Amino acid sequence: MIRVALRGLAGRKFRTLLTAIAIVLGVAMMSGAYVLTDTIDKAFDAIFVDSYADTDAVVTGKEAGISFEGESAPPAPIPESVLEQVRGVDGVEVAAGSVQDLQTKLIKPDGESIDTGGAPSFAFGVETAPEYDRFNPLNLVEGRWPKGGREVAIDEAVAEDENLGPGDRIGVAALGPARQYEIVGVAKYGDLSSIGGATFAIFDVPTAQALLDKKGELDAVQVAAEAGVTPDELVRRISAEVGSSVTVQSGTEQATEQSDEVATFTQIIRYFLLTFAGIALFVGAFVIFNTLSITVAQRTREFATLRTVGASRRQVLGSVIVEALVIGLLASVLGLFAGLGLAIGLNKLFVALNLDLPQTDTVFATRTIVVSLLVGTLVTLAAGLSPALRATRVPPIAAVREGAQLPRSALSRHSTKIAVVTVVIAVLALSYALLADAIETGTRFLLLGVGVLALFVGVALLSSRLVVPLARIVGLPARRLGGAAGKLAEGNAMRDPGRTASTAAALMIGIALVTFVGVLAEGLRKSNSDAIEQQIQADLVVTSQDGYTEFPAAVGDAAADLDGTELVSNVRQDVAEIEDKGANLTGLDGSTVTSVYDFRWTDGNDEVLASLGADGAILPDDVAEDKDLAVGDSISVLSTDNKRKDFVVRGIYDGSPFYPLLGTASVSQDAFDALYERPRNRFSLINVPGEPGAAQKSVEKGLESFPDTRVQTRQQWIDKEDEEISQFLLLLYVLLALSVVISLFGMVNTLALSVFERTRELGMLRAVGMTRRQTRRMVRHESVMVALIGAALGLPLGIFLAILVTQALSEYDLQFAIPAGALITFVIVSIIAGIVAAILPARRAARLRVLDALQYE
Amino acid sequence: MADVVNLPERDGAAPVDSVVEAHGLSRVYGEGDAAVHALRGVTLGVERAKLTAVMGPSGSGKSTLMHLLAALDQPTEGHVSIAGNRLDDLNDTQITKLRRTHIGFIFQFFNLLPMLTAEENIDLPLTLAGEKPEAAFFDDLLDKVGLQDRRKHRPSELSGGQQQRVAIARALVSRPSVVFADEPTGNLDSRTGGEILDLLRGSVQDYGQTLVMVTHDARAAATADRILFIADGVIVKELHDADEHQVLAAVEEITLR
């Protein structure tokens, strides 16, 4: 029986392959997601393990342990004296101090700073004498290590990209204006092929200390033990000597801690990509289900014959299951290896979207192989189960009776009821998941996932009822313009509503999801620009290059000194703990801020700002409500520099919850500067006397020495944010395109099988005078109709999901907006998909020789 | 209709040694006004090691009778036994087992599995039952149907006659109690049809195979030991060892009735 199944597949190689592709792509996405993120993980691991390979113990400052929305402050530096203390400890062979920074920008020869796309831009101050070489994870590619206040070594990628080498000069900007250094060396990190978007600049320790405003301070002391002293023993001895104001860890602990932090980040990317793999597999399952259903129906006589010569139902079931198993396994193996290629493609996509991550040799983990093969095969099997069960219901008498009908199963008699119930349950699950407050995040996501899947399945089940009315609507142009071929095409589309429905359903899923993200993105864009327009009154806005990291306060001071500015108001920001919770603290210049930021007070007025003093604070209304605070209440603030101070709430304003530009609490600039060693600005808001566009150029020029800044008008800023949303949307579209492609293969399959099934009918049509052109047109029209039915189902579904999410996020003022242009594009894409899917089947139908087709049995 | 009732009782009453027995078979398709009475109470026995032909014009009920006798369909009334097993007592699994040991089929359109070779097609009933063919018998069978040199060919590489030979071998390979042939020559030219009939006749003579053949071809019916004529759902006439002329005369008699 297995032989029957295998031979059957072997006899239909092309069709089997076409069917398998539906799963190949999903599995490739999955394996690609694993390969890419594993490779990134390994590269990061290598960075950290290399960094501490020959380090037995590391002394660092205490971490403040405060973080907010992914931002956290680096550990405070330690006094340089600790190094001498450590060197004195018994059992220490050698110890070296280093300083580092994550926001030191390298300046290209054209004056632009190098954009790392969110990746760190390191500055290292390291001891480069040979005896300290073991602590240095960097390897020189060219030149020598820097020595003294004017020399720097840079990383290989920057050297190559900018065509720089020893002897050239490069600008470096940390806290102050950019300064020029002479390049004396080019280095790389361990043996990594790429450190992604990250850059580094290496100095000797005193130069880095000066650059980073850390005179007399170190960020880490790395220690190697004498022979016979274990790392743990070394850690114990050093701890005893230096006390508890600093952290002492073994090198391994330090490396693990750092790579764990990064692992969380790659984990997010992994799940993000796996979600799209899941969607692709789900669509693939629809295609497999549909194809197998059709082939089972077409092989009714074959199954009946098997039954008459003694095959049991179980054997018939087995033969279809084996078929699905083989298709699934074949597809999974192909997909697994295709994933290796896809991983490269995904990385290219990320790089194109300015998310360049470190790379090393490709990691092809056992987990990737096992999970990809297992999931791909199981999904195919699950999709094949229903067709297999249908095959067992073929009665033996079908072997002798022309056109025997399969008995309807008990389930299919109630299909409409089941569909309605599924949709209702799905909508309830989604509403509950999105609108209820007290659910755990995990449960919420589970409910969402199940709800969306159930919704798609339910609508797909229901869609066989909708096919006939929908076909009449979308068939209108075909009827009008397609002549006889168009009319026949419409009839064909409606002939087996179940088949048309499940073919269209596969496309529906893709269309629904792109519609969903498209509509949400449009709402996001609108909410974003409204929030900015509501809050910002300034003519010009200065931010860092990426728009969100804080930049040195010196920038604001420099701007204030410029001639063309009328008023400069600095908005400081940093992470803090407010009422014992991670938060953002903002420092405002009370005397100027009201001219550049529009406070819409719910309690208080603009006067409050001028009199904030040393202990006054204002809160956005959502925070006040959340923490149950009112004017006159006291809040406790702990800065990342470990300074604590209590403030009194003086005013409450509408904080634009969708995009709050001010932090969880705002205090006066003086109070802020007292809490932080190195205060940084989130914005410098500038008013100019004349036309902002003209002034922008002169301000830009005035701030030239601070390359990591961006000077924009309010509209430019909004446009820039829009562009970033569009870029992310594009990434989502590209990833979702995969499922649209899969449904395209599903359409090709269904059409090809339908043409095969109607061979005799096509012969008859040709015999009574249908031309080849008309035949092709008939198949093409049918295909386009199926595609349009998919779009007609998918568009409203996507909009519905977007409404649901918008409702759920209403407390954040997320708006709902329909991107008409995008939706029209999706309809056009569907039509094109229909035309493309019809190419091969239509050609086949037109090529049939009339006589052969009529004699076909 | 009334004429039919007036005819003498012509039911093929159970012979002494019958492999298949049917009692009071009737079969109604559809319900109410649309109801079609395909069979109206047929009782018969199929004799062991004989070739029984069932003849009748289109719509006479001969196909329905065969479907009921061969356990492909259930009668509205009455019951069938094959080799002593009452079919109405059996569930699907038991009927499957019964098919493996007691029933063989030969179809008008051959119904071979296109992906299997001739040999594998012939083997199929045994393979499904988890058995192996007896080598000597299998060889003899291939000789008999003249397919020794076509063993590895796929159905698409065989002529219609050759395909039907494969089907005959497949029906005989498990030495079933009874083989049902449904218009076995219906899709073949007359010369090839003749060869197939010889083969079927031979299987009765050489192997003592019991065979029931449904046909509307007088020449095919004339090869039978016993011919049952069906019209309007009842058996109206029975002939033994008739030649083609007698068969044609009988057909004419029934048609003119």
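Modeller: The expected span of a helix is 1.5 Å times one less than its number of residues. Helices (H or I, at least four residues) and strands (E, at least two) are DSSP runs, numbered from the N terminus. What we have here is a predicted model, in which local features need pLDDT of at least 70 and side-chain atom pairs count only at pLDDT 80 or more, while totals for chains, interfaces and linings use all residues. Residues are numbered from 1 along each chain as its sequence is written, and chains are lettered from A and ligands numbered from 1 in the order in which they are written.

Colleague: Thanks! How far apart are the end C-alpha atoms of helix H24 of chain A?

Modeller: Helix H24 of chain A covers residues 772-808, which is 37 residues. At 1.5 Å a residue the helix should span 54 Å, and the distance between its end C-alpha atoms agrees, at 54 Å.

Colleague: And how many residues of H24(A) are buried?

Modeller: A residue is buried if 20 or more other C-beta atoms lie within 10 Å of its own, exposed if 12 or fewer, and partly exposed in between, with C-beta atoms placed from the backbone. By that count H24(A) is mostly covered, and of its 37 residues the number buried is 27.

Colleague: Staying in chain A, which residues of S7(A) point the other way from A:Ser121, A:Ala123 and A:Gly125?

Modeller: Strand S7 of chain A (residues 121-125) has five of its five residues buried, so the rest of the structure largely encloses it. A:Ser121, A:Ala123 and A:Gly125 point one way, and pointing the other way are A:Phe122 and A:Phe124.

Colleague: Which residue in S13(A) stands opposite A:Phe122?

Modeller: Two strands pair if DSSP finds at least two bridges between them. S7(A) pairs with strand S5 (residues 92-101) of chain A in the antiparallel sense over three bridges, where A:Val99 stands opposite A:Gly125. S7(A) also pairs in the parallel sense, over five bridges, with strand S13 (residues 199-203) of chain A. There, opposite A:Phe122, stands A:Phe200.

Colleague: How do the residues on the side of chain A that touches chain B divide into nonpolar, polar and charged?

Modeller: Two residues are in contact if their C-beta atoms, placed from the backbone, lie within 7 Å, and 20 residues of chain A are in contact with 22 residues of chain B. On the side of chain A that touches chain B, helix H1 (2-11), helix H8 (300-308) and helix H9 (313-352) each supply at least two residues. Ala, Val, Leu, Ile, Met, Phe, Trp, Tyr, Cys and Pro count as nonpolar, Asp, Glu, Lys and Arg as charged, and the others, Gly among them, as polar. The division is eight nonpolar, seven polar and five charged.

Colleague: On to chain B. What is its radius of gyration?

Modeller: The radius of gyration is taken over C-alpha atoms, and the globule rule is 2.2 Å times the number of residues to the power 0.38. Chain B is built from nine helices and 10 strands, and its C-alpha trace spans about 55 × 45 × 35 Å along its principal axes. With 257 residues, a compact globule would come near 18 Å, and chain B agrees, at 18 Å.

Colleague: Which strands of chain B stand at the edges, each with a single partner strand?

Modeller: Six strands of chain B form an open sheet with mixed pairing, in the order S6-S7-S8-S3-S9-S10. Each edge strand has a single partner, so one side of it is left without a neighbour in the sheet. The edges are strand S6 (103-106) and strand S10 (234-240).

Colleague: At what angle to S8(B) does helix H7 run?

Modeller: Axes are lines fitted to C-alpha atoms, for helices over the stretch in contact, and angles run from 0 to 180 degrees between N-to-C directions. Helix H7 (residues 190-207) of chain B lies across strand S3 (51-55), S7 and S8 of chain B. Its angle to S8(B) is about 160°.

Colleague: Is B:Thr215 buried or exposed?

Modeller: B:Thr215 sits in strand S8 of chain B. Its contacts beyond four places in sequence are B:Ala53, B:Met55, B:Glu183, B:Ala220 and B:Ala221. With 26 other C-beta atoms within 10 Å, B:Thr215 is buried.

Colleague: Last one: what is the phi of B:Asp232?

Modeller: B:Asp232 lies in the loop between strand S9 (226-231) and S10 of chain B, and with 19 C-beta neighbours inside 10 Å it counts as partly exposed. Its phi is positive in a residue other than glycine, with a value near 50°.
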